[in-house]
Amino acid sequence: MNTANLFKIALKAINSNKMRSFLTMLGIIIGVGSVIAMLAIGQGSKVSIQKQISEMGSNMIMINPGADRGPGGARMSADDMQTLTLADYQDIVDQNKYLAAVSPYVSTGGQLIFGNNNYQSSVSGVSLGYLTIRQLTVEQGEMFTEADINSSAKVCVVGKTIVDNLFPSGSDPVGQVIRFNKIPMKIVGVLKSKGYNSMGMDQDDIVLMPYTTVMKRMLAQTYLSSIYASAITEDMTEKAIDDVSDILRTNHKIKEGEDDDFSIRSQEEISSMMNSTTDMMTTLLACIAGISLVVGGIGIMNIMYVSVTERTKEIGLRMSVGARGVDILSQFLIESILISVTGGIIGVILGVAASFVLKSILHWPISIEWWTVILSFVVCSITGVFFGWYPAKKAANLDPIEALRYE
């Protein structure tokens with residue numbers, strides 16, 4: 001019996017039991033749709049994270065005070081650590097060979113006030129290089145100057161969220177004087193909006209001031225919370241980290257074999273960690289969704305068993321007129337594969353549609369890649385063969401005489 005005839009017989013059998021065939025496909029449809037949707041969400045999150053990190057500066061380096069210890073050997077909190085100083089910052093600026101920009105960083109929280117409007121936020125003390133490091137752009141007005149840093153001027157550059165909350169009427173904020181914890185600050189510029197990042201943080205909720213102003217007028221401290229830097233190119237990040245580490249170990253008189261009293265992290269390291277976490281979560285979600293495929297496969301096997309039982313006489317008749325065991329095997333195997341692949345096609349359509357619905361309604365980032373669709377078809381085919389083989393083999397091994405006598 002040729003393959004075309006076997007396909008016709010299989011299609012006729014499926015067509016004669018439409019509802020049963022559809023219900024059999026349902027497990028495959030749900031499984032494939034779930035797998036594609038979960039992988040789309042996982043890949044979309046990964047792409048979104050990579051994009052956000054790229055926007056923040058893929059070659060950014062963060063230098064923080066390390067795990068210092070206080071009296072009695074008790075571990076101190078990050079706020080109490082005072083291992084980074086302005087001298088460290090200046091030496092990094094003067095001695096580094098692989099950095100494009102460096103900025104000290106200090107921060108404090110409080111309430112911003114303008115007229116009858118107020119907003120809870122924080123103020124960051126930075127240098128001019130911070131814009132380059134964080135890839136920020138001044139859209140209105142201008143950035144504060146080196147002269148402002150040297151004189152500890154009470155000037156600031158604000159983000160769009162600050163403007164929206166303090167100037168809801170839409171008036172021009174540049175030149176206006178706002179207060180932060182009773183300290184007046186003149187707005188000299190407004191940053192271009194960057195929106196929310198992949199972790200849900202508002203990148204426009206930002207107030208930048210000269211680091212000298214925050215250190216002297218607001219915090220009255222001489223140490224830095226951290227130092228931000230940017231490597232010349234992403235490929236130079238590791239060399240830049242080693243260079244900065246050598247400078248700080250020399251400054252802090254750390255001997256060979258002793259632990260650093262600072263820590264250095266790069267965006268590449270953060271990106272790798274977050275991608276690893278995202279991949280693990282995506283795999284977990286896909287495996288959970290894949291359980292539906294197993295359930296669907298078991299459904300195919302059950303229905304094929306029923307089909308073999310119902311058509312025992314038909315099988316016996318075909319074998320008595322010359323059909324071989326391999327023909328009967330192929331007939332039932334083709335039927336199970338057709339059910340599985342058809343369910344897979346519907347599942348792909350459903351999964352893609354569900355992904356776009358999630359994107360449009362819940363605004364989740366999605367990314368549907370071609371390999372997820374190919375993987376779905378491969379899994380469908382394997383499911384059809386695997387779960388259809390045993391019932392088909394049982395049908396092929398029936399004795400023609402016994403089959404004809406079957407009631």
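**Helix packing and selected residues**

Me: Start with S127. Buried or exposed?
Reply: S127 is buried, at a relative accessible area of 3%; buried means under 20%, exposed over 50%, and partly exposed in between, with a 1.4 Å probe and protein chains only. This is a predicted model, in which local features need pLDDT of at least 70 and side-chain atom pairs count only at pLDDT 80 or more, while totals for chains, interfaces and linings use all residues. Residues are numbered from 1 along each chain as its sequence is written, and side-chain values use heavy atoms, with hydrogens and water left out.

Me: Where is S127 found?
Reply: S127 is in the loop between strand 3 (117–126) and helix 4 (129–134). Helices (H or I, at least four residues) and strands (E, at least two) are DSSP runs, numbered from the N terminus.

Me: Which residues is S127 in contact with?
Reply: Neighbours within four places in sequence aside, S127 is in contact with Y89, V102, S103, P104, M143, I149 and Y211. Contact means heavy atoms within 4.5 Å.

Me: And what lies 3.3 Å from a polar atom of its side chain, the S127 one?
Reply: The backbone oxygen of V102 lies 3.3 Å from a polar atom of the S127 side chain.

Me: Helices now. At what angle do helix 11 and helix 12 pack?
Reply: Helix 11 (residues 325–362) and helix 12 (residues 370–396) pack at about 150°, and their axes are 7 Å apart. That makes helix 11 roughly antiparallel to helix 12. Axes are lines fitted to C-alpha atoms, for helices over the stretch in contact, and angles run from 0 to 180 degrees between N-to-C directions. Angles under 35 degrees count as roughly parallel, over 145 as roughly antiparallel, 65 to 115 as roughly perpendicular and the rest as oblique.

Me: Left-handed or right-handed crossing for helix 11 and helix 12?
Reply: Helix 11 passes helix 12 in a right-handed crossing. A crossing is right-handed if the near helix is turned clockwise from the far one by less than a right angle, and left-handed if anticlockwise.

Me: How do the residues of that contact between helix 11 and helix 12 divide?
Reply: The contact of helix 11 with helix 12 has 16 nonpolar residues, nine polar and one charged. Ala, Val, Leu, Ile, Met, Phe, Trp, Tyr, Cys and Pro count as nonpolar, Asp, Glu, Lys and Arg as charged, and the others, Gly among them, as polar.

Me: How do helix 1 and helix 11 pack?
Reply: Helix 1 (residues 3–16) packs with helix 11 at an angle of about 55°, with the axes 9 Å apart. The two, helix 1 and helix 11, are therefore oblique to each other, and their crossing is right-handed.

Me: Which residues of helix 1 and helix 11 meet?
Reply: On helix 1 they are L6, F7, I9, A10, L11, A13 and I14, and on helix 11 they are D327, S330, Q331, I334, E335, L338 and I339. The residues of this contact of helix 1 with helix 11 divide into 10 nonpolar, two polar and two charged.

Me: What about G27, buried or exposed?
Reply: G27 counts as buried, at 18% relative accessibility. G27 is in helix 2 (residues 18–57) and touches S292 and G296, not counting residues up to four places away in sequence.

How values were computed. A polar contact is a pair of N or O atoms within 3.5 Å; within protein, one must be able to donate a hydrogen and the other to accept it, and residues adjacent in sequence count only if both atoms are side-chain atoms.
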